[in-house]
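This note is written for a colleague who is meeting the structure for the first time. Please keep the sequence and the model in view while reading.

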Amino acid sequence: MTERKPPGVSFESFVDKQIREAAERGEFRSLPGFGKPLPDDSAPYDELWWIKGKMHSEGASVLPPSLALRKAAEDAAEAVAAAVSESQVRRILGEINTRIAEALLRPPAGPPLNLKPFDVDATVERWKAERSLP
């Protein structure tokens, strides 16, 4: 707990003294980011800088639903390329096709969806051909 400012001592010198004493005791060495450079401050000021930084560090995004679904479709295509079995390919495509079908029934807010369900059988055949499977 910090001590109270004694009367007659200026606030600035009181605070400076406490900071100096804490630094001498090494209390700042265990803080996150100790010894790392400060972030670049040449960007224009943004009121939401903290929120955007927190979202970035946690991998969150605020995309309109249609763009989020487009991204999910791209991720599904990449997951199919990395799949190790036909059942895994069919599961990945089944999940994304369900989401696309729901979005086509009730178009989400935002830009046009511009998606159609994946042709599962054609994609599986392409997946097999890339791996030279029967």
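1. Basis of the note. This is a predicted model, in which local features need pLDDT of at least 70 and side-chain atom pairs count only at pLDDT 80 or more, while totals for chains, interfaces and linings use all residues. Residues are numbered from 1 along each chain as its sequence is written, and side-chain values use heavy atoms, with hydrogens and water left out.

2. Confidence. The pLDDT is the predictor's confidence in each residue, on a scale from 0 to 100. The chain averages 86, and 96% of the residues score at least 70. Among the elements of the chain, helix 4 has the highest mean pLDDT (94), whereas helix 1 (residues 11-25) has the lowest (83). Helices here are DSSP runs (H or I, at least four residues), numbered from the N terminus.

3. The nonpolar core. A nonpolar core is a set of buried Ala, Val, Leu, Ile, Met, Phe, Trp, Tyr and Cys residues joined through side-chain atoms within 4.5 Å. Buried means under 20% relative accessible area, exposed over 50%, and partly exposed in between (1.4 Å probe, protein chains only). The largest such core has 16 residues, and those with the most contacts inside it are L69, V80, V89, L93, I96 and W127. Two or more residues come from each of helix 3 (65-82), helix 4 (86-105) and helix 5 (120-131). Helix 4 supplies the largest share, 6 residues.

4. The surroundings of W127. Which residues does W127 touch, not counting those up to four places away in sequence? With contact taken as heavy atoms within 4.5 Å, W127 touches V80, A83, V84, S85, E86, V89 and L133.

5. Salt bridges around E86. A salt bridge is a side-chain nitrogen of Lys or Arg within 4 Å of a carboxyl oxygen of Asp or Glu, and the structure holds 11 of them. R90 forms one with E86, the closest N and O atoms being 3.0 Å apart. Both residues lie in helix 4, 4 residues apart, about one turn of the helix. R90 is partly exposed, with a relative accessible area of 34%, and E86 is also partly exposed, at 27%. The side chain of E86 meets that of K128 in a salt bridge as well (3.2 Å, N to O). Because K128 lies in helix 5 and E86 in helix 4, this pair ties together parts that are 42 residues apart in sequence. K128 is buried, with a relative accessible area of 16%. A network of salt bridges links E86, R90, D121 and K128.

6. Helix 2. How many of the 10 residues of helix 2 (residues 49-58) are buried? The count is 0, and the helix is hardly covered. An α-helix has 3.6 residues a turn, so residues three or four places apart point the same way. E58 is exposed at 55% relative accessible area, whereas K54 is partly exposed at 38%. Just after helix 2, G59 takes a positive phi of about 75 degrees.

7. Helix 1. V15 is found in helix 1 and is partly exposed, at 24% relative accessibility. The C-alpha atoms of V15 and E3 are separated by 10 Å, the two residues being 12 residues apart along the chain.
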